[in-house]
Amino acid sequence: MILTPGTLARLAALGAAVAIAQVVCFSKMDVFGTSPDIALLVVMSVGILGGSLTGAVTGFSIGLLLDCLLLETMGAFALTLLTIGYVAGRYRETVGRPPRPAVVLLGGSLTLLGALVIAAIQVGTGIDANVSFLVVRDALVKSLIGALLAIPVLWTVRLVVRSALVDERRGARRTSAPRPVESG
Amino acid sequence: MYRKQVRRRRAVLLLLVAASLTLLSLYYRESSGGPVHGVQDVVSTVFSPIESGADRALKPVRDLVNWFGETFDARGDKAKLEDQVATLRDQLARSQTQQQEAKELAGLNEITSGGIVPDGTDPVTARVIGRSPTVWYSTVTIDRGSGDGVRIDDPVVAAQGLAGKVTQTTPNSAQVTLITDADSAVTARVTPSGATGVVQPNVGNPNDLQLDFLERGSDIAEGQMVVTAGFSTGDLGSIFPPGIPIGKITRATVEEQQAYQRVHLEPFADLRDMDFVKVLTTHTGGRKR
């Protein structure tokens, strides 16, 4: 991904919009007893398209905004989404551009990883109450939803940052029609 | 060149992780008036009008998704399915949504005007504008804050019963920690037996609360109602007024009562699907809307 001021502005707008939509809309949805974590999938998509550094910085920024909007422990979502962005980016840098089945698997497994990081932070900072087994069910269902939504979210993020993607530029150059030869 | 890139990547990653951990550590160490809380308050104040607008604009989308989800859940129960389909169809229509909101507000008024609100309490109606995406933080954000007289530790009720308490405020918004949150504990009384205990959550299961620390030999049966105890001992007192309905006993086995001094209850309030709540403020001076 080529990071120009325009691309950074798009990523910032995307991050702010996703954080607000996550808090006011997606988290209030009830899908099989849980809610979709679209912010996490957006961070994963940015990591896949832009690499580990872009993914980590985007994840940290969106996470920090979520912490502020929810008035939650500052740094908890920032650390979680930073991890997701970095891992997704490293996948891209070491394995290459993931095919569709791999995107689905990444969506599911990174959503599960996000749930584990949040759980670890919560347990690490102290918890007095009983923990129901349904926490595991919640994480698994969330992962399933993450797997299902991974491809549509990746497509959407790709549309937003399309002009900055090196692969898209190469593809566009390859498929562009030859210029007509002027005569005379 | 490649090594330089790798070094840069690792440096940024370490910096971000260190920043996250520093924030976490500072947040727990400082008081609610500290600089990190201050930054959070400013950002939340700036974004709360946007959140409020987006919440209203995106409500039809939420309702549509919830309609599919709830319809699927209801498959196993024909009678429940019929009721829910009828209800959810209504919810799809915008006018019915408004009617439902009015009904919820009426329920709120009913619960706060039923003699359970102590003198000097000034209930403030608030719209739920945000929700945490994880089960570990069972909190919601409301569109009323310190500017409306909302203060930390003010009790919050939903249309059917107790919802939680205010744990953070900004001028335009506040965070409500629900009774299903891991940090929640409410002193409660079982009616009519009079047995008292502490209502604690079962993290991850919003439909199951536990009433712990019951006296041995308490005569508790399924179906009995649990209300806030609202104890007061000298200067020490519960932040919740007595008599606010919390839930009804769903499981009260003799074995569990004797071994763990515990019974299970289901909250009256639908904490996963509330649009309005009432904050029982005890302070005056905030602007009223």
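**Exercise 1. Work out how many residues each chain puts into the contact, and which parts of chain A take part.**

Start with the totals: 44 residues of chain A and 51 residues of chain B make the contact, where two residues touch if their C-beta atoms, placed from the backbone, lie within 7 Å. Next, find the elements: α1 (5-24), α3 (52-70), α4, α5 (100-124), β1 (130-131) and α6 (134-160) of chain A each give at least two residues to the side that touches chain B. Helices (H or I, at least four residues) and strands (E, at least two) are DSSP runs, numbered from the N terminus. The largest share of that side, 8 residues, belongs to α3(A). Last, sort the side of chain A that touches chain B by class: 29 nonpolar, 10 polar and 5 charged residues. Here Ala, Val, Leu, Ile, Met, Phe, Trp, Tyr, Cys and Pro count as nonpolar, Asp, Glu, Lys and Arg as charged, and the others, Gly among them, as polar.

A quick note on the model: it is predicted, so local features need pLDDT of at least 70 and side-chain atom pairs count only at pLDDT 80 or more, while totals for chains, interfaces and linings use all residues. Residues are numbered from 1 along each chain as its sequence is written, and chains are lettered from A and ligands numbered from 1 in the order in which they are written.

**Exercise 2. Describe how α4(A) packs on α1(B).**

First the geometry: α4 (residues 76-95) of chain A and α1 (residues 2-29) of chain B pack at about 160°, with axes 8 Å apart. Axes are lines fitted to C-alpha atoms, for helices over the stretch in contact, and angles run from 0 to 180 degrees between N-to-C directions. That makes α4(A) roughly antiparallel to α1(B) (an angle over 145 degrees). Then the residues: Leu79(A), Leu82(A) and Tyr86(A) are among those of α4(A) that meet α1(B), whose residues there include Leu13(B), Leu16(B) and Val17(B).

**Exercise 3. Find the strand of chain B that joins β1(A), and give its direction.**

Look for bridges: 2 of them join β1(A) to β7 (residues 196-203) of chain B, and these strands run parallel. Strands pair if DSSP finds at least two bridges between them. Now pick out one pair: Val131(A) has Val203(B) as its bridge partner.

**Exercise 4. List the barrel strands of chain B in order.**

How values were computed: Angles under 35 degrees count as roughly parallel, over 145 as roughly antiparallel, 65 to 115 as roughly perpendicular and the rest as oblique.
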